[in-house]
Amino acid sequence: MPQEALEIVSGYAFSGPALDLGALMWDGRCLGDAQIRIPLSMLNRHGLVAGATGTGKTKTLQLIAEQLSAQGVPVFLADIKGDVSGISAPGEAGEKVAGRAREVGQAWEATGFPSEFYALGGIGTGIPVRSTITSFGPVLLSKVLQLNQTQEQSLGLIFHYADQKGLELVDLKDLRAVVTFLTSDEGKPELKGIGGLSTVTAGVILRALTAFEAQGMGEFFGEPEFDTAEFLRMAQDGRGTVSVLELPAVQDKPQLFSTFLMWLLADLYNDLPEVGDLDKPKLVFFFDEAHLLFNGASKAFLEAITQTVRLIRSKGVGVFFVTQTPKDVPGDVLAQLGNRVQHALRAFTPDDQKALKATVRTFPNSAYDLEETLTSMGTGEAAVTVMSEKGAPTPVAVTRLRAPESLMGPVPAQALAAAVKASPLYGTYAEAVDRESAYERLAARPEAEQAEEPARKPQKPEQRAQPKESGSMVEQVVGSGMFKSLARSLGTQIGREISRSVFGTARRRR
């Protein structure tokens, strides 16, 4: 082995558990004994898998997810194109797979991995993932609605009022009902003590909610609310569960996906304790087609993602973005990604050439001519640099990657549907529930006032009912409608913690 290759390989000789990516390539040859790896303890330092269409990014994602699961680390995969569901089924042996395994020194064995399949609000095939408006919070909702600072403050006031009055904001119709009530003649006095809500601002919020719902958000908000701790589950055999969010049905609704991502990360960040650096992460996220997260995103959205990625590492969670070029990821986010797997890039246009040069500058000094290498690598080959066990970047290693041991493609639709219905979580989350919340309680106010009207009129002495002999005064009070209404309101308040995090999400455990 040439001296330069020996120096590169020595940078990947880790003493602790690690994931095997493949074998080093040098001078056009694949060196099967020179293994390129990622330390398991460094997976919470985040990462990037990039490359042009057809270069093997999704298979790299699948390869890493398989090994994480095998080492007892739960994995979350956002599957935009619908071709990652095959991770649940054993792969198919063939000459190509056998040849790749021989080249890279891999003992390939067809293996399926424990998987759960989810869908946003039941849009598509999967266990429905929903959030309530109350849990989502005013800050994140303001960001995705692209409200200005004044409008965000007004929305925060609306949430504060609903929290204080025990008005559960479960879905979008609940929030619309509260906004409409607070701008009505009856509702305006409610806000006098804590600040007003202008009709103009309320109109802007209502219009934003209407446009938001038109993008498919109405399906996402509701109950039963999904507990993000489900993503941390382990299989009975000790392997980590692979949670696959099936998104083909909503890939044309980036607003829907972006909103879910923000809530999901914020919810996990709020619930997970600080753990610092662990021997292995609690969970690793993979976001395929990451450009959908950032295309057309507001500045507030980017700031929220940057802050979340920076802080969630200390909770034991790693985040990997999968996209075509590093320029798809904002610089502040890219700076947080310590592990890099860069597949081939194309340089057919001046813009491509500029992107290539920018990509090369993001790598450490290398023994390779990276501008030439990144345009000449074949499918399933990548330039790799990761964080070593000491926290320093490893030398750039052009690597021929291993073949995934699970099915490289989607499972049949019938098998996917059967797996969803067979999940122990299906019975908990499948059926939407529309219980009494803010909309129903506000709609019932006029009826309640009409029912109370006769009691307000003066009655003649002979019409006044005498109190019954049976039943104590306490029993009469407990049985009254006013007491029941008060108890329901107090129960709502006690049952959930109203204090909110810096992300605006409710601090509570569902």
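How many aromatic pairs does a search of the whole structure find? I started my notebook with that. The search gives 18 aromatic pairs. I keep in mind throughout that this is a predicted model.

**Entry: ring pairs**

I looked up Tyr 12 and Phe 14. Their ring centres lie 6.1 Å apart, and their planes meet at 65 degrees. Planes over 60 degrees apart count as edge-to-face, so this pair is edge-to-face. I then checked how covered the two residues are. Tyr 12 has 1% relative accessibility, so I note Tyr 12 as buried. Phe 14 comes out at 10% and is buried.

I went on to Phe 220 and Trp 263. The centres of these rings are 6.1 Å apart, and the planes stand at 75 degrees, so I wrote down edge-to-face. Where do Phe 220 and Trp 263 lie? Phe 220 is in the loop between helix 8 (199–214) and strand 7 (242–246). Trp 263 belongs to helix 9 (residues 254–271). The pair therefore ties together parts that are 43 residues apart in sequence. Phe 220 is buried, at a relative accessible area of 0%. Trp 263 is also listed at 0%, and is buried.

Next I followed the ring pairs that join up. They link Phe 76, Tyr 118, Phe 226, Phe 231, Phe 285, Phe 287, Phe 294, Phe 321 and Tyr 429 into a cluster.

**Entry: charges over rings**

Which residue lies over the face of Tyr 269? I found Lys 315 there, at 3.8 Å from the ring centre. I also noted Arg 340, which lies over the face of Phe 363. Its distance from that ring centre is 4.6 Å.

I turned to the second largest pocket. It holds about 250 Å³ of space. I read that 15 residues line it. Closest to its centre are Lys 59, Arg 100, Gly 380, Pro 404 and Met 408. Which elements give two or more residues to the lining? They are helix 2 (57–70) and helix 3 (95–104). I sorted the lining by class. It has six nonpolar, five polar and four charged residues.

**Entry: salt bridges**

I then went through the salt bridges. The count comes to 16.

I opened Arg 400 and Glu 103. Their side chains meet in a salt bridge, at 3.1 Å from N to O. Arg 400 sits in strand 12 (residues 397–401), and Glu 103 sits in helix 3. The two are 297 residues apart, and the pair links distant parts of the chain. Is Arg 400 buried or exposed? Arg 400 is buried, with a relative accessible area of 16%. Glu 103 has 36% relative accessibility, so I note Glu 103 as partly exposed.

I took Lys 165 and Glu 190 next. This salt bridge spans 3.9 Å from N to O. Lys 165 is in helix 6 (residues 149–165). Glu 190 is in the loop between helix 7 (172–182) and helix 8. The partners are 25 residues apart. Lys 165 is partly exposed, at 40%. Glu 190 is partly exposed, at 32%.

Asp 277 lies in the loop between helix 9 and strand 8 (283–287). Arg 313 lies in the loop between helix 11 (299–312) and strand 9 (317–323). The pair thus ties together parts that are 36 residues apart in sequence. Asp 277 has 51% relative accessibility; exposed means over 50%, so Asp 277 counts as exposed. Arg 313, at 28%, counts as partly exposed. I also saw a network here. Salt bridges with shared partners join Arg 45, Asp 277 and Arg 313.

**Entry: helix 5**

How many residues of helix 5 (residues 138–145) are buried? I found seven of its eight residues buried, so I write that helix 5 is mostly covered. The buried ones are Pro 138, Leu 140, Leu 141, Ser 142, Lys 143, Val 144 and Leu 145. Gln 146 follows helix 5, and its phi is positive, near 55 degrees.

Terms used
Residues are numbered from 1 along each chain as its sequence is written. This is a predicted model: local features need pLDDT of at least 70, side-chain atom pairs count only at pLDDT 80 or more; totals for chains, interfaces and linings use all residues. Side-chain values use heavy atoms; hydrogens and water are left out. Rings of Phe, Tyr and Trp (its six-membered ring) pair if their centres lie within 6.5 Å; planes under 30 degrees apart count as stacked, over 60 as edge-to-face and the rest as tilted. Buried means under 20% relative accessible area, exposed over 50%, partly exposed in between (1.4 Å probe, protein chains only). Helices (H or I, at least four residues) and strands (E, at least two) are DSSP runs, numbered from the N terminus. A charge sits over a ring if NZ of Lys or CZ of Arg is within 6 Å of the ring centre and within 35 degrees of the ring normal. On a 1 Å grid over the protein atoms alone, a cavity is a set of points where a 1.4 Å probe fits but cannot get out, and a pocket is an open set with protein on both sides within 12 Å along at least five of seven lines; lining residues have an atom within 4 Å of a point. Grid points are joined across faces, edges and corners, and a volume is the space filled by probe spheres set on the points. Ala, Val, Leu, Ile, Met, Phe, Trp, Tyr, Cys and Pro count as nonpolar, Asp, Glu, Lys and Arg as charged, and the others, Gly among them, as polar. A salt bridge is a side-chain nitrogen of Lys or Arg within 4 Å of a carboxyl oxygen of Asp or Glu.
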